[in-house]
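Hi,

Here is the structure I promised to pass on. My notes on its pockets and on one of its helices follow below.

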Amino acid sequence: MDLLKWIDNISIYTGKIFRWAGLLLSLVVLYEVAARYLFNRPTMWVFDTSLILYSMLFIFGATYVLWEQKHIKVDVLYNRWSPRTQRVIDAIFYLVFFFPFVCVMIWFGSKMAYISTVAGEISNSSTWGEPIYLWKWMIPVGFSLLLLQGIAEFVRTIQKLRRTEYDS
């Protein structure tokens, strides 16, 4: 299905872009350690920047991890079940837990980001005072991408359930 491939490509592209946040996070923290302990010149922007980069890595990386099928499962039980039972459990999980959670995060994340944008919210935890309303938009955007990939995975699960032969 072309739509599923299109969604997969978005997830892959997102993963390839935001994986660099991990490297950038490491470099920023390394810079702070050097500035603080070698030159006795700590920065006022590294703490918030590292939180933002970690958030980007976590939120946008979730879509790529779902595409890779690397999210945590209770393998002790899951691997003992037949492929058909595994797919039934996956379908139930998507319907009961995944979709409701992701939709709630999109809904409340959008409300929070909108209110923050209207208020022009800035950080009060540092002297840098960067605008954080821009970063609050990561939540609804990231979870919307996760929802797209979740829909693709759910469709694949249903397709596999409908097949007469099941591969493992």
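I'll start with the second largest pocket, which has a volume of about 280 Å³. A pocket here is an open set of points on a 1 Å grid over the protein atoms alone, where a 1.4 Å probe fits, with protein on both sides within 12 Å along at least five of seven lines; lining residues have an atom within 4 Å of a point. Grid points are joined across faces, edges and corners, and the volume is the space filled by probe spheres set on those points. Of the 15 lining residues, L51, I52, S55, I132 and W135 are the closest to the centre of this pocket. Helix 3, helix 6 (133–136) and helix 7 each give two or more residues to the lining, and helix 3 has the largest share with five. By type, the lining splits into eight nonpolar, four polar and three charged residues (Ala, Val, Leu, Ile, Met, Phe, Trp, Tyr, Cys and Pro count as nonpolar, Asp, Glu, Lys and Arg as charged, the others, Gly among them, as polar).

Before you go further: this is a predicted model, where local features need pLDDT of at least 70 and side-chain atom pairs count only at pLDDT 80 or more, while totals for chains, interfaces and linings use all residues. Residues are numbered from 1 along each chain as its sequence is written, and side-chain values use heavy atoms, with hydrogens and water left out.

The largest pocket has a volume of about 990 Å³. Of its 32 lining residues, L66, H71, K73, F93 and Y94 are the closest to the centre. Helix 5 gives the most to this lining, nine residues. The lining of the largest pocket holds 18 nonpolar, six polar and eight charged residues.

What does S11 touch, not counting residues up to four places away in sequence? T63, Y64, W67 and Q149, where contact means heavy atoms within 4.5 Å. S11 counts as buried because its relative accessibility is 1%.

Cheers

Terms used:
Helix = DSSP H or I, 4+ residues; strand = E, 2+ residues; numbered from the N terminus. Buried < 20%, exposed > 50% of the residue type's maximum accessible area, 1.4 Å probe, protein only.
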